[in-house]
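Please examine the structure shown below together with its sequence. The paragraphs after it are meant to be read with the coordinates open.

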Amino acid sequence: MSETIGTQTIPAAPGGTPTLVREARTSAGLGVGASARRPDGLLKVTGEFAYSSDLWMEGMVWASTVRSPHASARILSIDTSRALAVEGVCAVLTHEDVPGAKTYGMKIADQPVLAIDRVRYQGEPVALVAADHPETARRAAKLVIVEYEELTPLTDPERALDPDSPPIHDGSNLVRHVKIRHGDMERARAEADVVVTGEYEVGMQDQAFLGPESGLAVPTPDGGVELYVSSQWLHKDLEQLAPCLALPPEQVRLTMAGVGGAFGGREDLSVHVHACMLALRLGKPVKMAYNRYESFFGHVHRHPAKMYYEHGATREGKLVYVKARLVLDGGAYTSTSPVVIANASYFVAGAYEVPHAEIDGLAVYSNNPPCGAMRGFGAVQSAYACESNMDKLARALGMDPLELRLKNAMVTGTVLPTGQPVDGPAPVRELLESLRDRPLPPAETSWDVRLLPGGVGNVTHGEGIRRGIGYAVGVKAIGYSGGVDDYSTARVTLSVAAGEPVAAIHTAAAECGQGITTVQSQIATTELGVTNVIVLPADTQIGDAGSASASRMTWMSSGAVQGACKQIAAEVIRRAAAASDRPASGLILRDNVIADVLIGATVATVASVLGTDTLERVFEYHHRPTEGIDPERGQGNAHIAFAFCAHRAVVDVDVELGLVRVVELAAAQDVGKAMNPMAVEGQIEGGSAQGLGLALMEEILLDDQGRLRNPSFTDYLIPTIADVPSMPITLFEFPHPDAPYGLNGVGEPPTLSSTPAILNALRDATGLDLPRVPVRPDDIALGRPAQLSDSAR
């Protein structure tokens, strides 16, 4: 049995109230039994999980990419003859072989499928080679001769804004200028007794997912193609892919393959068009799999940023205004830079009440690698600058940094710099107070070298070690903002197999390791009362689920699955009520039966009510409408919801050697409703670890010619188990009134506050300014003492 799509739009509602505060690991979440376990968990820990790089098909060929060695150059000629002469090579393609649109892009189609007449960053794809063996393809790719005329690359984002600088594309190098003007800055300056300014910088961070880009393209009998690929948003991939292949969307089918992490790095296309082009040309399956070196060139990175902040406050510590100028380097192509700079600008004021604001956010083009989505999506950069300047303001006021934060903490009803009042929970004070009241880790007295900065390197025995404590809090919007109609689709069926009811869920939701497959199963168990749940592979044969980004997937996909399940549950109860002559209002589904709560007895089994029928419902869930901000003053109700996380960092620093050990990184986060507490805890730990990496070690290094200096995990450092400290977590559950089950997004907020908390702890320990992340040993050992700006008064 089938029914048409249902649509639900959730109206606005006032802020919620807390139902539970707990330490992580202390209670179960939604659903029961096996449905709360990760179906991919056992396979992953035993090494049996099939990632996209494990895909194989009889008769497939392998593809490799020819990439530019230059950050800026004209292409004078491409000679493929030597590569084509290699035994086993099937094809060599250039831009002339692209069957449809020559360019694609997340927001603007400005990125060539293969470079046409010039290259704009090192590593840009120029040609493709397909062969019967991966090593043959790689060797042949080195034989493609590309003659370049090198140009002087533009690598300084500030210089890119100079009208006299050469344009990366036709027109200006400015991608977007976000202007936010709120309140009366002239009056605010007169009211401010103390003013501090600061300049802050964030380096280019890589998502550093463990599974490099890969996919398998298979031609179909109707002249189309099927692509099995690791992705974050299958339908956005399809939207860009089909025009490049000159195929209607119905002839291009995408199926989610096993994803080895994403964090924003899989929102943009990578192997997609290249593998499909070759599969259509050859009539054979084509596999592409980047190695680690190539992966550094094959996806976008976090935008490096330069930020100029000014805070004004009264002598008592009440914030009066914030003024900021943000410059984000978007690299060679647009990707999601227009939205990243908007997000960075929205949250310049942080999680505080600031009545007046003047904000200018600029994203620019350069000949550096393209930058786009990464966990936190712009809010990481502005949170680092805001929280660093808040500590500087506290020093100028002679006030405890935590007390300054508590005095200005955002609450429900706070009006943002965009003019939007926060109408959901805003428990900033509660999060900070919980961290304040948490016992501090004991001071190290044994001086075990394994517990000292520098670890087992045995470079110190405790001389010159100081301890520091730092706090930070972050806020970020959840879901798509600015007037985007954010929605997600789910198809749920309920049938009988081997005498037992079985629910099957079909969505295009991307499982990137965050656990959405588990949550969908939990919802079906909860709403339908069945213990057998199948989550079908995500593909484009079902409606769009949106991206696994913006901390939105659990919210939006849960709304869709819940909506479809509720419709099926209502039909099962209707049938059971009719058959038993019992009122439907007293019937519930649980443990594969229909029970009457009024008499405390089972009315029927779900299997007997269904018989041979299959119930199917498709539901499309929309969150409440938002609106774009106006271009002149940046005012508008742009967001659906907000999520908050706070951190307290405790660090030991060897001030003579510049070595750091993070002793503890405690987090407190409002999660709305912990659908699966263990998964929530894992998300917070992961986000905190990435924030630690940005604070102390992670940065893509470029020379002045725009060339990557460290495209490997030997030279691009990420935290190991030896670097990750104790991470006690407190979960707050303030149910969000607009969300399914009251849940909220949890994946991104920990990356906002973890980095500045660590830096504020380092400043507390050393007395140094430390304006840039990541911090390196010589920044500490040779650093200059923190000074208040000349404008502090």
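The model is a predicted one, and every value given here is computed from it.

Helix 17 has another kind of setting. With 17 of its 18 residues buried, helix 17 is largely enclosed by the rest of the structure. It runs over residues 749-766 and reaches 27 Å from its first C-alpha to its last. That span is close to the 26 Å expected at 1.5 Å a residue. Just after helix 17 comes Gly767, whose phi is positive, at about 75°.

Six cavities of 30 Å³ or more are counted in the model. The largest cavity has a volume of about 190 Å³. It is lined by 15 residues, and those closest to its centre are Tyr104, Gln111, Tyr121, Leu269 and Gly298. By class, this lining consists of eight nonpolar, five polar and two charged residues.

The second largest cavity holds about 60 Å³ of space. Its lining draws on separate parts of the numbering: Pro69, His70, Ala71 and Ser72, then Glu150, Leu151 and Pro153, and finally Gln705 and Arg707. Four of these lining residues are nonpolar, three are polar and two are charged.

Attention may now turn to the loops. Gly183 is located between strand 11 (174-182) and helix 5 (185-191). Its relative accessibility is 44%, so Gly183 counts as partly exposed. Which residues does Gly183 contact, leaving aside its neighbours within four places in sequence? They are Pro355, His356 and Arg633. A related pairing is that of Gly183 with Ala357: the two are 174 residues apart in sequence, yet their C-alpha atoms are 6.6 Å apart in space.

The remaining positions concern backbone geometry. Most residues other than glycine have a negative phi, and most peptide bonds are trans. Against that background, Phe263 has a positive phi, near 60°. This residue belongs to the loop between strand 15 (252-256) and helix 7 (272-282). Phe263 has a relative accessibility of 31% and therefore counts as partly exposed.

Ala498 also has a positive phi, in this case near 55°. Its loop connects strand 21 (487-497) and strand 22 (500-506). Is Ala498 buried or exposed? The cut-off for an exposed residue is over 50% relative accessible area, and Ala498, at 85% relative accessibility, therefore counts as exposed.

The last position involves the peptide bond itself. The bond from Val773 to Pro774 is cis, and its omega is near 0°. Pro774 lies in the loop between strand 31 (772-773) and helix 18 (777-781).

Note on methods: Residues numbered from 1 in each chain as written. Predicted model: local features only at pLDDT ≥ 70, side-chain atom pairs only at ≥ 80, totals over all residues. Heavy atoms only, no water. 1 Å grid on protein atoms, 1.4 Å probe; cavity = no way out; pocket = protein on both sides within 12 Å on 5 of 7 lines; lining within 4 Å. Points joined across faces, edges and corners; volume = space filled by probe spheres on them. Nonpolar A, V, L, I, M, F, W, Y, C, P; charged D, E, K, R; others polar. Helix = DSSP H or I, 4+ residues; strand = E, 2+ residues; numbered from the N terminus. Expected span 1.5 Å × (residues − 1). Buried < 20%, exposed > 50% of the residue type's maximum accessible area, 1.4 Å probe, protein only. Contact = heavy atoms within 4.5 Å.
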